[in-house]
Each structure stands twice: as C-alpha cells, then as structure tokens.
Amino acid sequence: MAADPVSTPRPFGPTGGPIVQRLWSALRLDGAFYRLVAADAGGTGPVGAFVCLIALLRESGVVYDLSQVERLWALALFVFALLAVVRWLVIGGAALAITRLAGAPTDYKTLLRTLGYADAPTIFVAFGAYLPDSLLQVADITLLAWTFAATVVALRAATGATRGRGVALAVPVFIVQVATFMLMHY
C-alpha cells in the first residue's frame with residue numbers, strides 16, 4: 001500500500017517543507033538551520049525565491065497603495081522582486097570580497113544562500129506603518145540588531161568562523177545590507 005501523499009509530511013530543510021518553517025528557523029537564528037543552508041549546494045534558487053517573497057511581504061503596503069491609484073500596479077511586484085534579487089547579489093558580492101580579504105574560506109553561492117535567509121527579520125518593516133510614532137525608533141533599533149545577529153549567524157555558517165570573527169565579518173557586510181536597504185526605500 002502506497003503512502004498517502006496528502007498526509008505524508010515533506011522533509012523540512014532549507015529547500016523543502018513549508019515556507020513558514022524555513023522563515024521561523026531563519027527568524028529564530030537557528031544555527032543548525034543556517035549550517036544546512038550553507039551545505040545545500042542546490043538551494044540557491046529556492047533561497048532566491050525566499051528573498052523575493054520577503055521583499056514582496058515587506059513592501060506589501062506600498063503595493064496596496066499603488067493598487068488603489070495605478071492601473072499597472074502589478075508591475076511593482078516585478079520591480080520589487082527584481083530589486084530584491086539585485087540587492088541580494090550585491091550583498092553577496094560584498095560578503096565574498098570581505099571574506100576573501102579576511103581569509104575566510106567560502107564561496108559566493110554559499111554566502112548568497114545564508115545571507116538570503118539572514119534578511120528575514122526585515123519582513124517586519126511592513127508593520128511599521130501600524131506602530132505609533134513613539135515606538136518606531138525602538139522597532140527600528142530592534143530590527144537592525146536582529147538583522148545584524150542574523151548576518152553573524154549566516155556568515156558563521158558560511159565560513160565556519162568563531163563568534164568573534166563572525167561579528168567582525170558581519171560589520172562591513174551589515175553596512176552594505178543597510179545601505180542597499182536604504183537605497184531601495186528612499
């Protein structure tokens with residue numbers, strides 16, 4: 001008797017299983033998950049889709065506003081996804097240059113995979129419009145700290161660096177992350 005495909009759970013990992021589990025693992029800064037991501041050589045494409053999904057969710061308020069006034073609002077979906085992929089590739093390139101200068105062994109695709117998941121905390125930018133002005137600064141600082149911590153975890157998984165070296169590698173990469181994020185939003 002064959003297993004019922006509806007009730008058989010799909011294996012969970014960086015490229016398999018429900019997207020919510022992957023998002024949750026990325027947000028929890030699960031080091032084991034990030035190491036699986038680094039080791040999954042075939043996972044770069046699915047992480048690229050994850051990067052696009054995060055960007056579209058992050059920009060959902062803007063897309064909604066556009067849908068109310070523009071007939072070609074759906075074009076914004078493509079533009080936001082394209083900008084997210086370009087940003088991801090730039091961050092990966094900067095990370096590759098930084099890790100090479102630091103003598104940390106890794107490759108571009110491994111960095112792309114881990115850093116793609118490290119951008120997950122930025123999804124909460126979408127909720128900024130619903131916060132009172134008095135909480136915006138606290139929320140921004142929290143998201144920056146969370147994204148920095150995710151970047152440290154991602155770079156440690158990609159390079160095998162110690163915690164201290166991971167922090168040192170993450171500082172310039174994080175600066176690139178923030179700069180490219182600001183370019184997309186202003």
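Arg58 is buried, at a relative accessible area of 4%. "Buried" here stands for under 20% relative accessible area, "exposed" for over 50%, and "partly exposed" for values in between, with a 1.4 Å probe and protein chains only.

First, the basis of the work. This is a predicted model, in which local features need pLDDT of at least 70 and side-chain atom pairs count only at pLDDT 80 or more, while totals for chains, interfaces and linings use all residues. Residues are numbered from 1 along each chain as its sequence is written, and side-chain values use heavy atoms, with hydrogens and water left out.

Let me turn to the charged pairs. A salt bridge is counted when a side-chain nitrogen of Lys or Arg lies within 4 Å of a carboxyl oxygen of Asp or Glu. On that criterion, the whole structure contains four salt bridges. What is the partner of Arg58 at a closest N to O distance of 3.4 Å? That partner is Asp119. Asp119 sits in the loop between α6 and α7 and Arg58 in helix α3, so the bridge ties together parts of the chain that are 61 residues apart in sequence. Helices here are DSSP runs of H or I with at least four residues, strands are runs of E with at least two, and both are numbered from the N terminus. Asp119 is itself buried, at 8% relative accessibility.

Asp119 also forms a salt bridge with Arg87, at 2.7 Å from N to O. This pair again links distant parts of the chain, since Arg87 belongs to helix α5 and Asp119 to the loop between α6 and α7, 32 residues apart. Both of these residues are buried. Through shared partners, salt bridges join Arg58, Glu59, Arg87 and Asp119 into one network.

Another bridge pairs the side chains of Arg28 and Asp30, at 3.2 Å from N to O. Here Arg28 is partly exposed, with 42% relative accessibility, and Asp30 is likewise partly exposed, at 23%.

Is Gln177 buried or exposed? At 2% relative accessibility, Gln177 counts as buried. Contact means heavy atoms within 4.5 Å. Leaving aside neighbours within four places in sequence, Gln177 is in contact with Arg87, Ile91, Asp119, Thr147 and Thr151; two of these, Arg87 and Asp119, belong to the salt-bridge network.

On a 1 Å grid over the protein atoms alone, a cavity is a set of points where a 1.4 Å probe fits but cannot get out, whereas a pocket is an open set with protein on both sides within 12 Å along at least five of seven lines; lining residues have an atom within 4 Å of a point. Grid points are joined across faces, edges and corners, and a volume is the space filled by probe spheres set on the points.

The search finds one cavity of 30 Å³ or more, and the largest cavity has a volume of about 60 Å³. Its lining consists of Val51, Ala84, Arg87, Trp88, Ile91, Leu115, Gly116, Asp119 and Gln177. Helix α5 gives the largest share of that lining, four residues. By class, the lining holds five nonpolar, two polar and two charged residues. For these classes, Ala, Val, Leu, Ile, Met, Phe, Trp, Tyr, Cys and Pro are nonpolar, Asp, Glu, Lys and Arg are charged, and the others, Gly among them, are polar.

The largest pocket has a volume of about 730 Å³. It is lined by 29 residues, with Val125, Asp140, Leu143, Phe181 and His185 nearest its centre. Helices α4 (60-69), α7 and α8 each supply at least two lining residues. The lining comprises 17 nonpolar, seven polar and five charged residues.

Finally, the nonpolar core, defined as a set of buried Ala, Val, Leu, Ile, Met, Phe, Trp, Tyr and Cys residues joined through side-chain atoms within 4.5 Å. The largest such core has 37 residues, and those with the most contacts inside it are Leu23, Tyr34, Leu111, Leu115, Tyr117, Leu155 and Val173. Which element gives the largest share of this core? Helix α7 does, with seven residues. Not counting residues up to four places away in sequence, Leu23 touches Phe50, Ile54, Ala120 and Ile123.

A leucine in another setting is Leu101, in helix α5. Leu101 is exposed, with a relative accessible area of 77%. Its C-alpha atom is separated by 9.9 Å from that of Leu169, 68 residues apart along the chain.
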